[in-house]
Amino acid sequence: MYTLHWIYFIIMAIGALYFYLLSRNPSGVPRYEYVIAIFIPCWSGTAYMSIALGQGFLEMNERTIYFARYLDWVVTTPLLLLALSLTAMFYKKQKDKAIIGSLIGADVFMILTGLIADFSEGAQKYIWYSLGVIALVIILYIIWYPLRQIATTSSEELGKHYTRTALYLTLFWIAYPTVWLLGPSGLGLTQSIVDLLAFIILPIFSKVGFSILDLAGLRRLGL
Amino acid sequence: MYTLHWIYFIIMAIGALYFYLLSRNPSGVPRYEYVIAIFIPCWSGTAYMSIALGQGFLEMNERTIYFARYLDWVVTTPLLLLALSLTAMFYKKQKDKAIIGSLIGADVFMILTGLIADFSEGAQKYIWYSLGVIALVIILYIIWYPLRQIATTSSEELGKHYTRTALYLTLFWIAYPTVWLLGPSGLGLTQSIVDLLAFIILPIFSKVGFSILDLAGLRRLGL
Amino acid sequence: MYTLHWIYFIIMAIGALYFYLLSRNPSGVPRYEYVIAIFIPCWSGTAYMSIALGQGFLEMNERTIYFARYLDWVVTTPLLLLALSLTAMFYKKQKDKAIIGSLIGADVFMILTGLIADFSEGAQKYIWYSLGVIALVIILYIIWYPLRQIATTSSEELGKHYTRTALYLTLFWIAYPTVWLLGPSGLGLTQSIVDLLAFIILPIFSKVGFSILDLAGLRRLGL
Ligand SMILES: CC1=C(/C=C/C(C)=C/C=C/C(C)=C/C=O)C(C)(C)CCC1
Ligand SMILES: CC1=C(/C=C/C(C)=C/C=C/C(C)=C/C=O)C(C)(C)CCC1
Ligand SMILES: CC1=C(/C=C/C(C)=C/C=C/C(C)=C/C=O)C(C)(C)CCC1
């Protein structure tokens, strides 16, 4: 278990290094896009390192609560949504603060309700979980309607790139609450090793994979 | 007690829905004003729901500390001040970051000192409380002098609307530390049911009521 | 020990008052520079007051952990870096968000790793500490290369002022992890009274002293 988390830490470090190297030759993509892409794996790798060191979790009621995951998510998921928003508004001088604010507000809300759900039992757990799911639905709505419209009306190329990136994000983000619900935090149907593995593999794709896809597209547009 | 908090939750949900419906026809008011008005009752309703679920408070030294209130306030009060500032700067392209920053800084400081005061006893409690009151005085000073000047010099109509809204906010915000001081968090003169009721009724007016008043005025100006 | 913290509190209050008086006659320096300079000692003084009141520390494993220091730093160090960045970008209309974001991200990361290091033992402590040092190296790199370049290419005068201010900051900031490592939080080579005194004297220079130096230079440029 500890080894897996160290491997994750190393992958995140390589990801951060890769985005740093890319940023040396920005190809018309604003530098803050790289800053976001670099910061996300640094933060997440450190959060998982705390688990690898035996610190980022608690044993409670015969169950292990990995609170470090929420510490990871509460910072990285707003940044991922910020990156996606900035992609959609790539050609806009004035960024739409109403959309960015709504996304980040709903997202922080979602992660906090998930944290409370993980520490709750019985009916309470599922009430908090449901609120988190509602927030996720709102996030997906914003991504697919108002935000997508900004991208598609900006340019055809950007619209295509945005739709691809948003689809990628949507698929992975839906996997999180599913794994959570099936695992020990929720119904407890899957074994804890499955849960552990899922939360190692998913974030590699939804963080480093996402940024690779997003930056590659923007670099093509920026040239 | 739990019923009251559920009722509050429902009122907040209705408030959020109402502002969402208003935002469908923005009438010249920037969309972020609606985003703020919608987010405030969502956040506050959830905080009170945690009390209704039996989670958002602690029993300590024969006293109940509703820490969920501070979790509510630390997010919603900066947003209320942000909404008020944006109202004052309605006609300004460039928002005054010095004023918004001071208001939010003083406000977060005020709520944190209140939280520490609630967990402290004896002289310590009143030292923390006094610091919070100083912060509130600074907030009210900024609202009534520099911020009001921005509004009144922008347009006569806006000046009137701003003064009305600021007065409404001031009256309710002064009620909070008063109720706090008289109730079990402070001197313990009023019964805990009075305190509980006050902290159900006050926020309905200072959140949903405030946003109704503010948005109605802006919509009249925006037309 | 308590007396020393009260003295610190009073010095910070005087500092805040001094910057407030300066702000009455801004001399061409934007008002947010003063807001930052005023807020820093207010926040820090309050954090140290919590130590003076016997609340801002914990006795753990025969050692005193002053967690209030981290509460101080997590807010004041980003503001110090923000002030330095705004100094470098004094003549720029459009502030460089990539640089400001990187500095603040690395800084919050550094303070959090320091907090965790203080609560950890043995090898874990030094792993967290090392991560914090890496973050500090990144911060210093950004200050001395990209940020300094912005200042020096803006104007010769500004370049000189920036270099002086950045050097002052660098010297004090390097002192923090050194004192930390030698003191009871780290190797425990120095006595706790030395540590306590150092963390009273250092922040006076790195907060109030820094802002005096920075504002004086900007006021000369602004005239
Ligand atoms: C809806 C929902 C959840 C969603 C979590 C998500 C969507 C996490 C995404 C994480 C990412 C993308 C991490 C970084 O790569 C929780 C909190 C599990 C439980 C509560 C309900
Ligand atoms: C001055 C002061 C306080 C003020 C609280 C206020 C002003 C709260 C406002 C809340 C609102 C408006 C909530 C949302 O509607 C405390 C923290 C009680 C105690 C410390 C001193
Ligand atoms: C590198 C490093 C540290 C650096 C702390 C610094 C640089 C603090 C600066 C504080 C200031 C300037 C306060 C306000 O005046 C810690 C957290 C001690 C320990 C972990 C490693």
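## Ligand 2 in chain B

An oxygen atom of ligand 2 sits 3.3 Å from an N or O atom in the side chain of B:Tyr176. That is a polar contact, defined as a pair of N or O atoms within 3.5 Å; within protein, one must be able to donate a hydrogen and the other to accept it, and residues adjacent in sequence count only if both atoms are side-chain atoms. B:Ser206 places a polar side-chain atom 3.0 Å from an oxygen atom of ligand 2. For B:Lys207 the corresponding distance to a ligand 2 oxygen is 3.1 Å. The protein covers 100% of the 530 Å² of accessible area that ligand 2 has on its own. Accessible areas come from the Shrake-Rupley method with a 1.4 Å probe; for residues, only the protein chains shown count as cover.

Around ligand 2 there are 15 residues, where a residue is near if one of its heavy atoms lies within 4 Å. The closest are B:Trp173, B:Tyr176, B:Trp180, B:Ser206 and B:Lys207. Five helices of chain B each supply at least two residues of the shell: H3 (67–88), H4 (97–119), H5 (122–144), H7 (156–182) and H8 (192–222). Helices (H or I, at least four residues) and strands (E, at least two) are DSSP runs, numbered from the N terminus. By class, the ligand 2 shell has ten nonpolar, four polar and one charged residues. Here Ala, Val, Leu, Ile, Met, Phe, Trp, Tyr, Cys and Pro count as nonpolar, Asp, Glu, Lys and Arg as charged, and the others, Gly among them, as polar.

## Model and conventions

This is a predicted model: local features need pLDDT of at least 70, side-chain atom pairs count only at pLDDT 80 or more, and totals for chains, interfaces and linings use all residues. Residues are numbered from 1 along each chain as its sequence is written, chains are lettered from A and ligands numbered from 1 in the order in which they are written, and side-chain values use heavy atoms, with hydrogens and water left out.

## Ligand 1 in chain A

Ligand 1 is surrounded by 15 residues. A:Trp173, A:Tyr176, A:Trp180, A:Ser206 and A:Lys207 are the closest. Three of these side chains reach ligand oxygen atoms: A:Tyr176 at 3.3 Å, A:Ser206 at 2.9 Å and A:Lys207 at 3.1 Å. Ligand 1 has 530 Å² of accessible area on its own, and the protein covers 100% of it.

Helices H3 (67–88), H4 (97–119), H5 (122–144), H7 (156–182) and H8 (192–222) of chain A give two or more residues each to this shell. The shell divides into ten nonpolar, four polar and one charged residues.

## Ligand 3 in chain C

Of the 15 residues around ligand 3, C:Trp173, C:Tyr176, C:Trp180, C:Ser206 and C:Lys207 come nearest. A polar side-chain atom of C:Tyr176 lies 3.2 Å from a ligand 3 oxygen. C:Ser206 has an N or O side-chain atom at 2.9 Å. C:Lys207 has a polar side-chain atom at 3.1 Å.

Helices H3 (67–88), H4, H5, H7 (156–182) and H8 (192–222) of chain C give two or more residues to the ligand 3 shell. Its classes are ten nonpolar, four polar and one charged.

## Interface of chains B and A

Chain B brings eleven residues to the contact and chain A brings 14; contact means heavy atoms within 4.5 Å. The two chains bury about 1,100 Å² between them, 72% of it on carbon and sulfur atoms. Buried area is the accessible area (1.4 Å probe) that two parts lose on being put together, summed over both.

There is one salt bridge between chain B and chain A. A:Asp96 forms a salt bridge with B:Arg31, with the closest N and O atoms 2.6 Å apart. The term requires a side-chain nitrogen of Lys or Arg within 4 Å of a carboxyl oxygen of Asp or Glu. Five residue pairs are in polar contact, both at pLDDT 80 or more. The chain B side has seven nonpolar, three polar and one charged residues.

## Interface of chains C and A

Here chain C supplies 14 residues and chain A eleven. The buried area is about 1,100 Å², of which carbon and sulfur atoms give 72%. C:Ala98, C:Phe109 and C:Trp128 lose the most area on the chain C side, together 40% of what that side buries.

One salt bridge is counted between chain C and chain A. C:Asp96 and A:Arg31 meet in a salt bridge at 2.7 Å, N to O. Helices H4 (97–119) and H5 (122–144) of chain C each supply at least two residues of the side that touches chain A. H4 of chain C gives the most, with eight residues. That side divides into nine nonpolar, four polar and one charged residues.
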